[in-house]
Amino acid sequence: MPTTAFSHTVEDAVSNGRMPTRRTVDVVDVRELTPGVIRLTFRDEFIAENVKPAQFVNLYSANPQHLMPRPFGVSEVDGDDVSLIFAVVGYGTDEFAHLKGGDRVDVLGPLGKPFDIRANADYLLVGGGLGIPPLLEAAQALAGRDDCRAIAVLGYRDAHFADVYAAKYADEVHSIDESEGNVLTLLERLWPGLQESGRELIILSCGPTPMMKAVAEWASKRGVDAQLSMEQRMGCGYGTCVACTIDTRDGREKVCEAGPVFTAHQLGWDNK
Amino acid sequence: MPTTAFSHTVEDAVSNGRMPTRRTVDVVDVRELTPGVIRLTFRDEFIAENVKPAQFVNLYSANPQHLMPRPFGVSEVDGDDVSLIFAVVGYGTDEFAHLKGGDRVDVLGPLGKPFDIRANADYLLVGGGLGIPPLLEAAQALAGRDDCRAIAVLGYRDAHFADVYAAKYADEVHSIDESEGNVLTLLERLWPGLQESGRELIILSCGPTPMMKAVAEWASKRGVDAQLSMEQRMGCGYGTCVACTIDTRDGREKVCEAGPVFTAHQLGWDNK
Amino acid sequence: MNIEQELNETPTSVYAPHEWRHGTVVAGVPWKNPVGTASGTFNAYACGRFYDVSQMGSVTTKGVSPVEWLGNPGVRTAESPAATVNAVGLQNPGVDHYLAHDLPYLKDLGATVIANVAGHCDDDYAQVVEKLADSDADMLEINVSCPNVTHGGMSVGTDPVALAKLMDRLRPMTDKPMIVKLTPNVTDIAAIARAAVEGGADCLSMINTLVGMRIDIRTGEPIIANRTGGVSGPAVFPVGLACVWRVRAALPDIPIIGIGGIDSGEKALEYLYAGANAVEVGGAALYDPTAPIRVALELEELLDSRPELTEKLAKGDTWR
Amino acid sequence: MNIEQELNETPTSVYAPHEWRHGTVVAGVPWKNPVGTASGTFNAYACGRFYDVSQMGSVTTKGVSPVEWLGNPGVRTAESPAATVNAVGLQNPGVDHYLAHDLPYLKDLGATVIANVAGHCDDDYAQVVEKLADSDADMLEINVSCPNVTHGGMSVGTDPVALAKLMDRLRPMTDKPMIVKLTPNVTDIAAIARAAVEGGADCLSMINTLVGMRIDIRTGEPIIANRTGGVSGPAVFPVGLACVWRVRAALPDIPIIGIGGIDSGEKALEYLYAGANAVEVGGAALYDPTAPIRVALELEELLDSRPELTEKLAKGDTWR
Ligand SMILES: Cc1cc2nc3c(=O)[nH]c(=O)nc-3n(C[C@H](O)[C@H](O)[C@H](O)COP(=O)(O)OP(=O)(O)OC[C@H]3O[C@@H](n4cnc5c(N)ncnc54)[C@H](O)[C@@H]3O)c2cc1C
Ligand SMILES: Cc1cc2nc3c(=O)[nH]c(=O)nc-3n(C[C@H](O)[C@H](O)[C@H](O)COP(=O)(O)OP(=O)(O)OC[C@H]3O[C@@H](n4cnc5c(N)ncnc54)[C@H](O)[C@@H]3O)c2cc1C
Ligand SMILES: Cc1cc2nc3c(=O)[nH]c(=O)nc-3n(C[C@H](O)[C@H](O)[C@H](O)COP(=O)(O)O)c2cc1C
Ligand SMILES: Cc1cc2nc3c(=O)[nH]c(=O)nc-3n(C[C@H](O)[C@H](O)[C@H](O)COP(=O)(O)O)c2cc1C
Ligand code: FES
Ligand code: FES
């Protein structure tokens, strides 16, 4: 009952030099891309203005028995509209999948350390399944730039649900599903043409851990730097609880704060 | 997530000879009668058809941190529409007060033992504050009958929020607020005229315990039977948890099952 | 994978009769399904209005004492987050009334009945067990874990020596399977469990309620007249689960009935994976009268796709 | 009466500086208001992005050990109804890092700092206390109640003899007020509390987390790598409240910091009425970063209409 009397507005936070806390935002659109895969769009000016590729937002269930954050990478920003793409895997994602435009949902963000996008480079955006959303956001960030190329390399189990979003921003979209192979198949195929521009080639990747590991090793063998966006169960998503750690060469690090992006070297996946 | 695959329909229950369990119903109307006093109407055919005066229904919060039943006497039935009148006193009533037509709410009922309404009698419906709602329902039940008269005697703190509903059904409505006195003041005033019909006079009463006790003693002195609708904190509302007991001459009884209606004699308030 | 997809889409009635597909055996007693009702949240007549109580794996009746007990006065219940706090204090009409009314009523319906035995001292427990020894009850559950009585109840269930002594006395009095119901309000539940088993318990059930309270901020005083009460409901789920897990690790062979916070088939299944032989639904019935039968039906659908588990259950074995 | 009406309708900012109206004194240390942050759910840098942490009554930092600890592997957290289950295992960079970074950072901000002390054995605790003895920390909190480490932690906090022995060693090492943080996972919390006070504790804080767990029904295995973890959040509120109530009844004079499930000013107030001197907000910060400061502001409004209580608090006295 009482929490209503307190001001949580974004303006109040920003004018006091703070990051806005958890807040309720309007859901703009929810659609099913392929069975069990949902694209949800909500409106939040603060996130829309500040989010960078591979940063994530926490969504919160409207059911107060389900308190924990549900972190999702941002896949696209359009004005003040922020989109996520997620798979229905449990209680929270099932609840969010049943939201519709006009409903409301609680969010926090943007959170985490983004991909390090440098000038004058070619980017291979290597995504697998529900790891693809942050790479769409990376494609969008790269779309405006003359000094960079974005080549999306996407692997799916079956339906190529994200190709249409990748195609909006990436210079090239290559995708594959399990009937034909995986992202490594595509990388092998593309490799000969990739060195032509003479620019540095950088891999940004997100997907299942075995896939990212294989991608990192593939990259390492070819002297290509790779940045990998990791997942871990989170207690808070903003660095206060130390629940979300993974082991890196720098020690046991928080995925929500030191990550989600780590270099292949940090993860020890570069065979060095 | 999973509870949806099970059938809880009223028809299913009735056809199997069972009482329907907790179910979600449509809210038809919510209005504030006086500050902090709400009249809520929902649609439920089963309750509308079966409820008797002083029976109650459980409402449940939509917030799963608030699991306990909120019992409310039914104040009026109109077709399939069931109305309650309640004061905002805590979490649940505050939540229900903010519902509006078109929302949904979970209910269980009708529950408890009703007033014993016998033929050929005059009824004094003596209510105080938020004890008035079940007496409105009693007035409605008596309204159709030629062999009975219903005389409402209503006490309020200030605003006479229920008079308009009492007047729809009762033969007479007398009301008073604290600036002038209490229901005893009215009873004293009415007493000389009450014996004229020659029919048995019966008091049905609901309100704060001290008021009901005073009414019972007033009645006892005059040889008038009194039935009193009691309140107790409830764990279930349907007789399974033994949380809601009060002490009576018959022992420690469940208010939700042996009551809420008890006779003045059962309560030991008849000085016999 | 969406858990929801594991559930049958055809509505199953909580009211209609049902052919159970996955029965089990608990300490030698067959249960139609692995879901019972917990003591104190089940009343044969009240619950029977809503569903056919004989459809449950078992039903456990309210704690019964040698003579009528009036329980605690005043307000007995308060809400807490995802839970309730109760201090009924074992009000019941006594064992003779139980033998004359509730027990025959339930047996006539065809229910598998566990009689929950309450006492303020060893003599009380012994008197009740003596009267139930040759009754129609299928199992006896010795409640040494009620937090809301001053004597007996939890004071025995927190002391392995006192518990062993009590069991030494009760065990020879009957051939019926004897369950000891444990409290989570102890430093080492495995030690208490061991004492119960050494004393001859055929089965353990856990958990009873956690000690808790609420205060009314209008008055600054406790809401419940007894001041503290027992916390039950979804909030206690992870605590009950950990108790079963620990006791299973300490005692690989003793049958265990898992109780605490179960309000869905999934939660029941977690208890089975933690090593319980069966489960009971308690507080969920307070806000959803058909919760016990719904949980049984939900669990059944989840078990349909888990043949390794149902094979074990059918033999009275456990997952771990 | 509508509780909501007790709250000021003018929005109060969780971000802006605030003049506190109701301070208190805990074991001789002034707090700006009676609300602190609980250990392990507060990180100076992470929380400081959202609100001015120096505005809290106090802040308690994460358990600190003699050297860096890596904590538990793998998945460390799981959801449970109105709660979370965590098994971090006291990961921290060690006391030297703490003295070089976190502590000066917080003191520079003007925060009242409680340093939470962790150890696997008595020597560990002693090494940390020795280093903190002359530090800028305002209070030391000896964490003998972490359920997620194999040695030390809860094993000391469940044994009055071991606890008294530890306190005998630590007490003479510093003049700083020493808080002992108690676990609810014991049969008799008052006995442990007494041992702590006899060993020289200036203050008690309670509760740490309840032992609990969750199992993934897809695999049948525990979600958390450590298998069991500590339950915190709204679900544990009535348990924490009852612990404070019982310890206050047993020890009328010892300062107590109430912790467990606090997510609103009302819940904080219940702890004060149960006899706590002050409270701390833990798990609520995990799903609402500004929960601690919001609770402090909500409590302040509730205290405005309770002068008898605020007078006591101002003197460091308690309601009961
Ligand atoms: C940085 C980050 C970015 C992510 N981005 C995406 C994305 O863009 N699209 C997408 O489909 N998924 C993404 N995930 C995974 C997503 O967070 C989980 O699928 C989701 O939280 C599951 O919630 P649930 O309530 O349905 O599952 P439940 O099992 O009901 O959730 C219970 C708890 O476990 C946590 N949890 C369950 N599964 C996971 C998981 N795989 N990873 C982390 N936490 C989990 C939940 O957050 C919640 O706290 C991301 C995870 C992280 C850490
Ligand atoms: C048989 C019966 C009929 C009732 N009929 C009416 C009515 O017609 N109109 C009306 O205004 N009120 C009625 N009440 C009282 C009403 O149930 C409570 O005011 C209401 O439950 C308070 O809920 P809350 O969530 O706002 O309070 P909270 O304090 O948030 O509720 C917490 C718990 O305490 C219980 N509780 C709190 N106050 C009371 C109380 N006074 N009596 C019983 N339980 C309480 C709640 O049901 C809930 O379980 C009736 C009570 C009973 C027992
Ligand atoms: C109102 C109430 C009364 C109870 N009475 C008894 C009892 O008589 N005997 C007993 O062994 N347990 C009793 N219990 C404990 C429950 O059987 C069960 O162990 C506990 O509530 C935990 O399960 P739950 O979370 O599913 O409710 C009672 C619980 C409640 C809520
Ligand atoms: C993620 C997490 C980490 C914790 N770490 C510590 C710790 O290092 N030291 C400690 O004394 N308590 C620790 N605790 C316990 C809390 O300080 C607090 O006592 C407990 O969570 C109960 O309060 P709550 O319900 O408000 O969370 C931790 C709790 C959580 C949730
Ligand atoms: S999730 Fe809490 S620190 Fe990362
Ligand atoms: S409220 Fe449960 S028996 Fe009356």
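**Strands and ligand sites in a predicted model**

Good morning. I begin with one pair of residues in chain D: Ala115(D) stands opposite Leu140(D), and Leu140(D) belongs to strand β9(D).

Strand β8 of chain D covers residues 113-117, and four bridges join it to β9(D). The two strands run parallel.

Please keep Asn143(D) in mind, as we now turn to ligand 4. An N or O atom in the side chain of Asn143(D) is 3.0 Å from a nitrogen atom of ligand 4. A polar backbone atom of Gly261(D) is 2.7 Å from an oxygen atom of ligand 4, and for Gly283(D) a backbone N or O atom lies 2.6 Å from an oxygen atom of ligand 4. On its own, ligand 4 has 600 Å² of accessible area, of which the protein covers 97%.

I turn next to ligand 2 and chain B. Here the shell has 21 residues, and the nearest are Arg70(B), Pro71(B), Gly92(B), Thr93(B) and Arg233(B). A polar side-chain atom of Thr93(B) lies 2.5 Å from an oxygen atom of ligand 2. The backbone also takes part. A polar backbone atom of Tyr91(B) is 2.9 Å from an oxygen atom of ligand 2, and a backbone N or O atom of Ile85(B) lies 2.9 Å from a nitrogen atom of the ligand. Taken alone, ligand 2 exposes 830 Å², and the protein buries 87% of that area.

Which elements of chain B supply at least two residues each to this shell? They are β5 (70-78), β6 (81-87) and α3 (91-97). Of the elements, β5(B) gives the most, with four residues. The classes in the shell around ligand 2 are 13 nonpolar, five polar and three charged residues. Domain 1 (5-111) and domain 2 (121-267) of chain B both contribute to the shell, so ligand 2 lies between them.

Finally, I return to strands, this time in chain A. Strand β2(A), residues 23-34, pairs with strand β7(A), residues 104-111, in the antiparallel sense over four bridges. Within this pairing, Thr24(A) stands opposite Asp106(A) in β7(A). β2(A) also pairs with strand β3(A), residues 37-43, again antiparallel, over seven bridges. Glu32(A) has Ile38(A) in β3(A) as its bridge partner. What do β2(A) and β3(A) form? They form a hairpin with two residues between them, and Gly36(A) in the turn has a positive phi of about 85 degrees.

Thank you for your attention.

Conventions
Residues are numbered from 1 along each chain as its sequence is written. Chains are lettered from A and ligands numbered from 1 in the order in which they are written. This is a predicted model: local features need pLDDT of at least 70, side-chain atom pairs count only at pLDDT 80 or more; totals for chains, interfaces and linings use all residues. Side-chain values use heavy atoms; hydrogens and water are left out. A residue is near a molecule or strand if one of its heavy atoms lies within 4 Å of it. A polar contact is a pair of N or O atoms within 3.5 Å; within protein, one must be able to donate a hydrogen and the other to accept it, and residues adjacent in sequence count only if both atoms are side-chain atoms. Accessible areas come from the Shrake-Rupley method with a 1.4 Å probe; for residues, only the protein chains shown count as cover. Ala, Val, Leu, Ile, Met, Phe, Trp, Tyr, Cys and Pro count as nonpolar, Asp, Glu, Lys and Arg as charged, and the others, Gly among them, as polar. Domain bounds come from an automatic or database domain assignment. Two strands pair if DSSP finds at least two bridges between them.
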